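User: I'd like to learn how to read a few side-chain features in a model. Can we start with burial and go on from there?

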Amino acid sequence: MLQCIFLLSDSGEVMLEKQLTGHRVDRSICAWFWDQSLSQGDSFKSLPVIASPTHYLFQIVRDGITFLACSQVEMPPLMAIELLDEMIDNGFPLTTEPSILREMIAPPNLVSKMLSVVTGNASNVSDTLPSGAGSCVPWRPTDPKYSSNEVYVDLVEEMDAIVNRDGELVKCEIYGEVQMNSQLTGFPDLTLSFANPSILEDMRFHPCVRFRPWESHQVLSFVPPDGEFKLMSYRVKKLKNTPVYVKPQITSDLGTCRVSVLVGIRSDPGKAIESITLSFQLPHCVSSADLSSNHGTVTILSNKTCTWTIGRIPKDKTPCLSGTLALETGLERLHVFPTFKLGFKIMGIALSGLRIEKLDLQTLPPRLYKGFRAQTRAGEFDVRL
């Protein structure tokens, strides 16, 4: 996902900066090109000038001008240049639709490599304009055809929460996405409505969504792209409860710490809570740890990261992690306490309470199948001491 571009002088001075916050490109396009390159057996050296766990800063020199582009996905050098050429025109966003970029820029393969050696042209950019580029709906091909018409809607939510040392819920909110997979023939016109749209905040829509129906009736009216895409994102704030509780307790004296952590279900969401994990970083002053649990497995890595894999919570007992921590010589008490990070997954339910009411098609293709799913997982769920 390209987010910003800089124009630098020879001395390194920033001459021009363009923030593309309003024209963010779906991360899938960069990931798609990268996966296609790896599938051809290519291996690329890391191009980024600066790399972080979430971003790469690319340096590209064109006609004596140095461009820097920030991306969330590592890409081959040639593809980074070709994507920038098509997405940016004179410093402004131009083509940002993943479907059109896939048609315009072909991933490298054996045939293209042989042709580049013979002809000397290493570009993978197509000479013909994609069919949807001149359309009023550039995100959709002109006339896709399917023998079986299907459309799937997924509500994918992440719960971010902060619990303080007194067990009080400081922050609890949901970040959610409406993800769709559309495999429909022709030019379908869809409307999607929710049973309780008033709970939504900070909505961001795909360009295919018409704003007027949403502003007047809270109905999503759109012509969908072909294949998988993110229709919208949203937040639901100020939630008052979490499905899982964590009760940590650490006491220290005479160079030894005693640890006890309880994990249980606070409120039954109606579906099974799966893949429950609890991880925390042991303080640097801890020289050794002896931890065990009555359910699940405990793993302590060499970097002092402790992970407790619980899975599902049994009905007959409350999972408990307990043990001792030995402090370095000369320390009697622990002064820096870890932050516990909780992970979980719930299939078949959206914890925000958002419910899809109906999905209608204005032009019904034959043998239409509609599917709906929901899932919630933990995002940044921190329990502090």
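Analyst: Buried means under 20% relative accessible area, exposed over 50%, and partly exposed in between (1.4 Å probe, protein chains only). C320, with a relative accessible area of 19%, is therefore buried. C285 counts as buried too, at 17% relative accessibility. Keep in mind that this is a predicted model: local features need pLDDT of at least 70, side-chain atom pairs count only at pLDDT 80 or more, and totals for chains, interfaces and linings use all residues. Residues are numbered from 1 along each chain as its sequence is written, and side-chain values use heavy atoms, with hydrogens and water left out.

User: How many disulfides does a search of the whole structure find?

Analyst: A disulfide is a pair of cysteine sulfur atoms within 2.5 Å. The search finds 0. Take C285: the closest cysteine sulfur, in C257, is 7.1 Å away, too far for a bond.

User: And what joins the side chains of D154 and R373?

Analyst: A polar contact is a pair of N or O atoms within 3.5 Å; within protein, one must be able to donate a hydrogen and the other to accept it, and residues adjacent in sequence count only if both atoms are side-chain atoms. Here a polar contact of 2.9 Å links D154 to R373. D154 itself is buried, at 15% relative accessibility.

User: Where does the charged end of K247 sit?

Analyst: A charge sits over a ring if NZ of Lys or CZ of Arg is within 6 Å of the ring centre and within 35 degrees of the ring normal. K247 has its charged end over the ring of Y245, 5.1 Å from the centre.
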